[in-house]
Amino acid sequence: MHSMQVRIYYEDTDAGGIVYYANYLKFAERARTEWLRELGFEQDVLLEQNTAFVVKQVEMQNFAPARFNQLLSIQSQIVELRGASMTFQQEIKNAQDQLLVTVQVQVACVDLTSMRPRRLPKAILGELSRVI
């Protein structure tokens, strides 16, 4: 499981000071990207190799709002790892450990030239297999 924190800035909120729902998806994306980075994989390097990750499916449930200036924790884990895709389960909680949002997202690996699915690079598949 991977964990990272994010602070809620004014730009993340609506006029009432509550986080705009689409921003939770951005926070979840950042957490997945940082997890890959911590494992030694930079997405710009993958892009140079015509390899990218695209969201195939996402499901989000909101339980409680986050507000301006709160510090949130995003916990991510891989619940399914396949040859060309992976499914993440992510939880976003506040500093009091209250569950605010859950996100389940299936990400596919694609060849940027053809935009067709491709197998996850062996190094990434091997590293992710080791940590899940």
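Mentor: A surface patch is made of residues with over 30% relative accessible area and no salt bridge, and nonpolar side chains are joined within 5 Å. Keep in mind that this is a predicted model.

Trainee: Which residues form a nonpolar patch on the surface here?

Mentor: Leu-25, Val-55 and Val-58 do, with about 220 Å² of accessible area together. Take Val-55. It lies in strand 2, residues 51-62. Its relative accessibility is 45%, so Val-55 counts as partly exposed.

Trainee: What about Thr-87, buried or exposed?

Mentor: Buried means under 20% relative accessible area. Thr-87 has 6%, so it is buried. It sits in strand 4, residues 85-93. Beyond its neighbours within four places in sequence, Thr-87 is in contact with residues including Ile-78, Val-79 and Val-105.

Trainee: How many residues does the largest nonpolar core have?

Mentor: In soluble globular proteins, nonpolar side chains tend to be buried together. Here the largest nonpolar core has 31 residues, and Phe-53 and Met-86 have the most contacts inside it. Among the elements that each supply at least two residues of this core are helix 1 (21-38) and strand 5 (99-111).

Trainee: How many aromatic pairs does a search of the whole structure find?

Mentor: The search finds 4. In one, the ring centres of Tyr-20 and Tyr-21 are 4.9 Å apart with planes at 55°, so the pair is tilted. In another, Tyr-24 and Phe-27 have centres 6.3 Å apart and planes at 90°, so that pair is edge-to-face. Tyr-24 and Phe-27 both lie in helix 1, about one turn apart. Both are buried.

Note on methods:
Residues are numbered from 1 along each chain as its sequence is written. This is a predicted model: local features need pLDDT of at least 70, side-chain atom pairs count only at pLDDT 80 or more; totals for chains, interfaces and linings use all residues. Side-chain values use heavy atoms; hydrogens and water are left out. Patches are made of residues with over 30% relative accessible area and no salt bridge: like charges are joined within 9 Å, nonpolar side chains (Val, Leu, Ile, Met, Phe, Trp, Tyr) within 5 Å. Accessible areas come from the Shrake-Rupley method with a 1.4 Å probe; for residues, only the protein chains shown count as cover. A salt bridge is a side-chain nitrogen of Lys or Arg within 4 Å of a carboxyl oxygen of Asp or Glu. Helices (H or I, at least four residues) and strands (E, at least two) are DSSP runs, numbered from the N terminus. Buried means under 20% relative accessible area, exposed over 50%, partly exposed in between (1.4 Å probe, protein chains only). Contact means heavy atoms within 4.5 Å. A nonpolar core is a set of buried Ala, Val, Leu, Ile, Met, Phe, Trp, Tyr and Cys residues joined through side-chain atoms within 4.5 Å. Rings of Phe, Tyr and Trp (its six-membered ring) pair if their centres lie within 6.5 Å; planes under 30 degrees apart count as stacked, over 60 as edge-to-face and the rest as tilted.
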